[in-house]
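Me: I would like to go through the terms used for this structure and see what stands behind each one. Please set every value against its definition.

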Amino acid sequence: MTLAPMTHPTYAQLRAVTPLASVLLEENPSPMTLEGTNTWVLRAPGIEECVVVDPGEDEIGHLERVAAHGPVALVLITHRHHDHAGGAARFAELTGAPVRALDPSLVLGSEALGEGEVVAAAGVELRVVRTPGHTSDSVSFLLDGPGAAQAVLTGDTILGRGTTVIDHPDGKLGPYLDSLRRIADLAPGTAVLPGHGPELPDAPAVAAAYLAHREQRLEQVRGALDRLGAGASARQVVELVYADVDESLWPAAEWSVEAQLAYLRA
């Protein structure tokens with residue numbers, strides 16, 4: 001897929017990425033959100049209404065800017081974290097649109113999403129693909145529509161830069177590895193439309209790189225346990241394995257190491 005020239009980040013401006021997908025970047029940068037949350041606005045050419053994926057945090061300025069690109073037919077949530085779903089209820093009030101997610105507690109005016117379901121609205125179709133691991137309720141959406149090659153909206157399962165955190169104990173490494181293998185099996189050239197960071201041109205290639213990275217980290221954790229002892233804590237492992245990483249990121253790394261330890265000790 002040929003993506004539009006990337007000028008990420010561009011706060012408060014809707015930027016076309018593919019013929020079906022545009023992004024409005026929320027100004028909530030942090031070590032966890034990178035430049036901020038990507039709110040995706042989807043519609044087929046010539047269609048007035050749109051589908052919004054991940055309205056973002058409960059920040060009225062961002063929500064109103066997204067709503068201004070409506071009318072909004074449907075809101076979809078990739079997972080429960082506040083930087084993706086925190087503003088969903090207020091956004092539903094602003095737009096009158098139903099909200100759908102895998103987690104029933106996030107659903108408003110509709111029903112929970114189901115694995116393999118095809119959601120059709122605004123001239124596009126989105127197939128629901130369960131991709132647990134980052135969180136237990138994480139889903140990705142395969143996007144198809146007229147005049148466009150396939151793309152996948154990955155939430156935090158695959159980021160536009162760097163690698164994602166396993167939010168242990170809700171998130172688990174084994175399911176995450178399986179989710180990456182599902183994405184690696186997509187058609188070559190399937191674009192990645194991530195929850196944070198810039199879009200990427202080839203989902204299978206990125207998923208393969210993520211899998212290689214996870215295997216490398218697992219080997220490093222095994223080596224750390226050999227040095228520290230089988231009962232070493234996640235913090236002790238982080239201090240050894242992530243010694244070259246900024247310490248501000250160690251708490252997030254500790255979640256992932258906890259998931260790796262649980263995986264290795266299972």
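## Terms and their cut-offs

Me: What makes Asp170 partly exposed?

Reply: Asp170 has a relative accessible area of 26%. Buried means under 20%, exposed means over 50%, and partly exposed is in between, with a 1.4 Å probe and protein chains only. The value for Asp170 falls in between, so Asp170 is partly exposed.

Me: What kind of model is this, and how are the residues counted?

Reply: This is a predicted model, in which local features need pLDDT of at least 70 and side-chain atom pairs count only at pLDDT 80 or more, while totals for chains, interfaces and linings use all residues. Residues are numbered from 1 along each chain as its sequence is written, and side-chain values use heavy atoms, with hydrogens and water left out.

Me: Why is the contact between Asp170 and Arg80 called a salt bridge?

Reply: The closest N and O atoms of Asp170 and Arg80 are 2.8 Å apart. A salt bridge is a side-chain nitrogen of Lys or Arg within 4 Å of a carboxyl oxygen of Asp or Glu. The distance of 2.8 Å meets that limit, so the pair counts. This pair links distant parts of the chain: Asp170 is in the loop between β10 and α4, Arg80 is in the loop between β5 and α2, and they are 90 residues apart. Helices here are DSSP runs of H or I with at least four residues, strands are runs of E with at least two, and both are numbered from the N terminus.

Me: What makes Arg80, Asp167 and Asp170 a network?

Reply: They are linked by salt bridges. Arg80 also forms a salt bridge with Asp167, where the closest N and O atoms are 3.4 Å apart. Asp167 is in the loop between β10 and α4, 87 residues from Arg80. Arg80 is partly exposed at 32%, whereas Asp167 is buried at 14%.

Me: How do you know that Arg235 and Glu254 form a salt bridge?

Reply: Their N to O distance is 3.9 Å, which is within the limit, and therefore the pair qualifies. Arg235 is in helix α6 and Glu254 in helix α7, 19 residues apart. In total, the structure holds 12 salt bridges.

Me: Why is Arg217 said to sit over the ring of Tyr242?

Reply: The charged end of Arg217 is 4.2 Å from the centre of that ring. A charge sits over a ring if NZ of Lys or CZ of Arg is within 6 Å of the ring centre and within 35 degrees of the ring normal.

Me: What makes Ala122 worth a note, and is Ala122 buried or exposed?

Reply: Ala122 has a positive phi of about 55° although it is not a glycine. Ala122 lies in the loop between β7 (118–121) and β8 (124–130). Its relative accessible area is 2%, so Ala122 is buried. Ala12 also has a positive phi, near 65°, but Ala12 is partly exposed at 42%.

Me: Which peptide bonds are cis?

Reply: Among them is the bond that joins Gly70 and Pro71, with omega about 15°. Another runs from His168 to Pro169, with omega near 10°.

Me: What makes a set of residues a nonpolar core, and which members of the largest one touch the most others?

Reply: A nonpolar core is a set of buried Ala, Val, Leu, Ile, Met, Phe, Trp, Tyr and Cys residues joined through side-chain atoms within 4.5 Å. The largest core has 26 residues, and Trp40, Leu42, Val51, Leu126, Phe141, Leu143 and Leu153 touch the most other members. A second, separate core of 21 residues includes Leu159, Leu173, Ala207 and Tyr210. In soluble globular proteins, nonpolar side chains tend to be buried together.

Me: How do you know that Tyr210 is buried, and what does Tyr210 touch?

Reply: Tyr210 has a relative accessible area of 5%, and therefore counts as buried. Tyr210 lies in helix α5 (residues 203–228). Contact means heavy atoms within 4.5 Å. Not counting residues up to four places away in sequence, the contacts of Tyr210 include Thr157, Leu159, Tyr176 and Leu180.
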